[in-house]
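Look at the model below and keep the sequence beside it.

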Amino acid sequence: MQRDQVYGRRPVREALRGRRQIVEPWASERALAAEPWLRDAPLRVQVKPERALSEAAGTRDHQGVLAWTEPYRYADAWEIAAQERPLIVCLDGVTDPRNLGAVCRAADGAGASGVVVPSHGSAAVTPTVAKASAGAVEHLPVAVVTNLARYLQDIKRDDLWIYAAAGDGEQTLWEADFAGGTVLVLGAEGKGLRPLVRRSCDLAVSIPLAGRVESLNVSVAAAVLLYEARRQRV
């Protein structure tokens with residue numbers, strides 16, 4: 001059986017609570033003593049030295065906890081869009097796994113329906129992404145599409161509006177109507193959205209900046225937009 005891994009205390013804890021099958025959890029003696037939930041885990045935790053954990057994870061950033069799992073289960077992007085009044089984040093060309101993880105963490109916190117990424121030129125769900133998301137990827141649907149522009153064109157409907165995040169947007173986020181079905185499309189910092197992806201959106205929205213920097217990190221911009229959408233929808 002092909003297997004994947006997650007590492008870090010919160011990612012492993014969320015994996016145990018999530019959809020993925022856990023094959024074998026590992027922990028150091030120190031982590032097992034410090035984390036009661038490890039002792040209560042449904043599977044017997046294998047006690048391993050810190051060195052073995054670091055070698056398996058390929059990093060020392062495992063906090064003494066690692067779990068071998070089945071491969072990550074991606075969601076269906078069209079099923080996410082078919083929900084009533086969905087709130088979706090689409091990322092175009094975001095290759096940094098920590099940015100993808102941070103966006104997923106914000107999306108889960110804001111109650112989003114899911115995150116959609118293209119299959120090429122984008123980060124996928126990896127142990128680094130799971131760690132950066134604090135385990136949010138174990139609960140939030142994440143989907144992959146072959147062609148993001150075509151996906152956006154396919155899911156368009158009267159009650160689902162697609163907003164490109166852009167500094168020169170026609171509306172600010174406070175003027176935009178996120179109360180109905182909403183898709184927020186963000187590009188990588190510095191590059192922005194590819195032209196065809198932007199043309200596939202209905203409107204462009206901006207986040208007004210009061211300082212001297214020209215843009216926000218993509219995960220920060222996503223969080224700002226998501227929580228404005230959350231505010232309008234509650």
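Ser122 counts as buried because its relative accessibility is 17%, where buried means under 20% relative accessible area, exposed means over 50%, and partly exposed lies in between (1.4 Å probe, protein chains only). The model is predicted, so local features need pLDDT of at least 70 and side-chain atom pairs count only at pLDDT 80 or more, while totals for chains, interfaces and linings use all residues. Residues are numbered from 1 along each chain as its sequence is written, and side-chain values use heavy atoms, with hydrogens and water left out.

Leaving aside residues up to four places away in sequence, Ser122 touches Val94, Thr95 and Val117. Contact here means heavy atoms within 4.5 Å.

An α-helix has 3.6 residues a turn, so residues three or four places apart point the same way.

Now the aromatic rings. The whole structure holds 4 aromatic pairs. Rings of Phe, Tyr and Trp (its six-membered ring) pair if their centres lie within 6.5 Å; planes under 30 degrees apart count as stacked, over 60 as edge-to-face and the rest as tilted. Tyr72 and Tyr74 are edge-to-face, because their ring centres are 5.0 Å apart and their planes stand at 75°. Tyr72 is buried at 10% relative accessibility, whereas Tyr74 is partly exposed at 36%. Tyr163 and Phe178 are also edge-to-face, because their centres are 5.0 Å apart and their planes are at 90°. Tyr163 lies in strand β8 (residues 160–165) and Phe178 in the loop between β9 (171–172) and β10 (181–187), so this pair ties together parts that are 15 residues apart in sequence. Tyr163 is buried at 3% relative accessible area, and Phe178 is buried at 0% relative accessibility.

Charged side chains also sit over rings. Arg3 lies over the face of Trp68, 4.0 Å from the ring centre, and Lys48 lies over the face of Trp26, at 4.7 Å. The criterion is that NZ of Lys or CZ of Arg is within 6 Å of the ring centre and within 35 degrees of the ring normal.

Key: Helices (H or I, at least four residues) and strands (E, at least two) are DSSP runs, numbered from the N terminus.
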